[in-house]
Amino acid sequence: MRRYRIEIAVCLGLAALTLGAMGHAYANGFVNYDDNDYVVHNPEVKAGLSPAGAAWAFTTTHAANWHPLTWLSLQLDASLFGGGSAWGFHLSNVLLHAATVVLLFLALRRLTGAVWRSAAVAALFAVHPAHVESVAWVAERKDVLSGLFWMLTLLAYAWYAERPGWGRYLLVLAAFALGLMAKPMLVTLPCVLLLLDYWPLQRVPAACGLAQTLSRKRLALLLEKLPLFALTGAACAMTVYAQQKGGAVNTLEQLPLGDRLLNTVAAYAGYLGEMVWPTGLAPFYPHPRERLLLAQAGRAGLVLALITGLVLWARRRRYLTVGWLWFLGTLVPVIGLVQVGGQAMADRYTYLPYIGLFIALVWGAADLAAPWPARVRSVVPLAALLLGAWAPLGLWLATGSGVEMMEDRLIFRPVAVLSVLAVLGWCGGRLAGLWPVRVSPLVPAVTLLLGTCVALSAWQTRLWQNSIWLWEYTVDPRVTRDNPTGHNNLGDAYWNSINPERVEKARENFLKTLHLTPTHPRAHNNLGLVLVELGQLDEAAAHFKEARDLDPTLAVAPLNLGIVLAMQGDFAGAITEHRAALRLDPNSATFHDYLGQAQAGAGQWDEAAQSFRRATELQPAEKDYRADLGWALWHLGRKDEAAKEYAAVVATDEEWPEKARRLAWTSATRATTGRRSGFEAVRRAEEACQARGGCDARFLDTLAAAYAQAGSVDAAARAARQALQVPCDDVAFRAEVWQRLIVYLDRQPYYESVK
């Protein structure tokens, strides 16, 4: 009974430790790094959990991945908390991470029988700063969810190993299959189970080393894992298909094998460095490609060889072999031999691999301290403890890596001071005989280490609260250098913000991206959007064309090019580009709607109605698509059908006609906007008038301004006269309409002065 009470207390303590380090992630928002694909601009997820959503989750390769369980969990969050706010998604990530931490402790406890060593490993896993990325980033739901099933598989396997049987084995198989459906990085788990057979389960006899793979016992253990390896093969095939379909896999022409091998060695060493000294962590580390020198890779290889040699020398301590091979093996799918994306390494990839290193370190430290005499155990750890105490001080000084922008850096000062005082106090008291001998020196050492990690993780979590903070920190030269992805995402963050300097800041960062990587398709596309805002349509079109040609799979490039062509009056060209975008994403309601607008501009009202209807079918709740359908039906003379569509819009939002009128007025009359489009203004104004019934003076006045902006000054004059014929008690408004009518009769559009 006492043992269970201790284990329950440890579980509660681990959960509290996890929440203390990363719990405030729930206050963060979405970031513009995959969160748009996973939630913000993903209607299937935001619609919540449903049979149709579940079918989509199991059949889609959206975001170049097949992980249906991850999609289902995000849909569940949208159903529970709503899809428009990030807090519910973050809360789920934190709770899943806390549950994974507790399950890791329980699994290690069952596998090894060691309570406190298992607790120490789980605590390090809970609060290591490199794991913040997996928890504080909504799009990395797949990490924490797959981690949960990894631990459940370990628990089930420990139970199975106690008394093998088909019932217990099926539980292992089920947990592993669910984990693969959360994230395919779990493909290495069968190999880890073989390592666990070696230690701590000791299913490989002591006389049978790892090299004796042909022994009967070894062969039996391998055959036992065949169903798991079959699932691994299926998951690998599905992942390769999804990532190739999404254009995420780099070819050997894009990244030669030599560069991959050099970066692989450097990345392994980099992950080891991050584990020991977790500062300057960033969401994206650009691949060095040919800039990685052979000497750098050589130094990294030497470090790996020395550690491997040490493990072989101490091979009787099996946990060292298991921990080291756990780390090396679980990183193989993401180490870069098959290069997906443009990163050299990623903190999120360490979520499960670091467990192996933590096991080796904790068991190794405990075994090293155990044989020492009590008085020696009191004094010898002093050097290590002081070194640990200096770690926060070093972090305080070294975190010049971009944290000047954060007032939270002050957290390192009290941590550093308290760490030194605590260590000196403990050592002095121990030498004076104040503390009992049975108190292990590892206790204050681990406490100090965890305290430092909690402080670092808490600060790191705050970085993810919004995109501007995250990418300003990332592109700081003291964190990463020459980071085109960082600058592109920072530009996008400014572009979608309310910052008064948003346009200039966005343009500056997009230009920096193109300076570093002239062939960056998304940067060309994003710079084009800025140029549209500035009214430089020809330059914008050139960048959209460049983006389209550089990446034929980037659907937004032909879409945006089509929008610009429509703004320039080239509706035939716009139709061609929108059709090209739809070939890449045939189920995008937005793309169908823009195609309908271009077809309407070309006078192809039948085709426009079909496009608008398809957009409405894909997203029935979107009011603008239904209004566009009503607009096309009205022009086809099917006014009863159009009235039904407008009635459906107004039934869901009574203020919609007035909102549409204001948008039309802004588009038609603001001389300062670079996105002024007469056709867009006419569309909005006609929809507003038709939805209102066509007998409101202000709506007719807006329609007149829109016609004038589109160059139809005769139609503008007619609409203005109709507005004057509608009874209106507002004398000042009628005078303004008269003034605008005079402008139209002078064959000029009306521009509203900006006060």
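Visitor: Are Lys225 and Glu224 buried or exposed?

Guide: The model shown here is a predicted one. In this model Lys225 is buried, and Glu224 is buried as well. The two residues form a salt bridge with each other, and the closest N and O atoms are 2.7 Å apart.

Arg110 has a relative accessible area of 40%, so it is described as partly exposed. Glu162 has a relative accessibility of 48% and therefore also counts as partly exposed. Both values fall in the range between buried, under 20%, and exposed, over 50%.

A further salt bridge is made by the side chains of Arg478 and Asp476, again with 2.9 Å from N to O. Here the two partners fall into separate classes: Arg478 is partly exposed, because its relative accessible area is 48%, whereas Asp476 counts as buried, because its relative accessibility is 10%. Salt bridges can also be joined into a network, and one such network links Glu133, Glu140, Lys142, Asp143, Lys183 and Arg348.

Ser467 has a relative accessible area of 11%, so it is buried. When its neighbours within four places in sequence are left aside, Ser467 is in contact with Phe30, Val31, Asn32 and Ala493. Asp482 is found in the loop between H22 and helix H23 (484-495). The phi of Asp482 is positive, near 50 degrees, although the residue is not glycine. With a relative accessibility of 47%, Asp482 counts as partly exposed.

Another residue with a positive phi is Ala64, where the value is about 60 degrees, and this residue is not a glycine either. Such cases are worth noting because most residues other than glycine have a negative phi. Ala64 is placed in the loop between helix H4 (51-59) and helix H5 (68-81). Its relative accessibility is 11%, and therefore Ala64 counts as buried.

Aromatic side chains form the next topic. A search of the whole structure finds 24 aromatic pairs. One of these consists of Trp166 and Tyr169, whose rings are edge-to-face, with 5.9 Å from centre to centre and 80 degrees between the planes. Both residues lie in helix H10 (residues 166-180), where they are 3 residues apart, about one turn of the helix. Trp166 counts as exposed because its relative accessibility is 66%, while Tyr169, at 4%, counts as buried. Elsewhere, Tyr268, Trp324, Phe327, Tyr354 and Phe358 form one aromatic cluster.

The charged end of Arg661 sits over the ring of Phe699, at 5.9 Å from the ring's centre. In a second case, the charged end of Arg698 sits over the ring of Phe733, and the distance to the centre is 4.3 Å.

Leu252, Leu257, Leu261, Leu337 and Val338 make a nonpolar surface patch of about 460 Å². Among these residues, Leu261 lies in helix H14, which covers residues 257-276. Leu261 has a relative accessibility of 45%, so it counts as partly exposed. To return to the opening question, Lys225 and Glu224 are both buried, and a salt bridge joins them.

Definitions and conventions
Residues are numbered from 1 along each chain as its sequence is written. This is a predicted model: local features need pLDDT of at least 70, side-chain atom pairs count only at pLDDT 80 or more; totals for chains, interfaces and linings use all residues. Side-chain values use heavy atoms; hydrogens and water are left out. Patches are made of residues with over 30% relative accessible area and no salt bridge: like charges are joined within 9 Å, nonpolar side chains (Val, Leu, Ile, Met, Phe, Trp, Tyr) within 5 Å. Accessible areas come from the Shrake-Rupley method with a 1.4 Å probe; for residues, only the protein chains shown count as cover. A salt bridge is a side-chain nitrogen of Lys or Arg within 4 Å of a carboxyl oxygen of Asp or Glu. Helices (H or I, at least four residues) and strands (E, at least two) are DSSP runs, numbered from the N terminus. Buried means under 20% relative accessible area, exposed over 50%, partly exposed in between (1.4 Å probe, protein chains only). Contact means heavy atoms within 4.5 Å. Rings of Phe, Tyr and Trp (its six-membered ring) pair if their centres lie within 6.5 Å; planes under 30 degrees apart count as stacked, over 60 as edge-to-face and the rest as tilted. A charge sits over a ring if NZ of Lys or CZ of Arg is within 6 Å of the ring centre and within 35 degrees of the ring normal.
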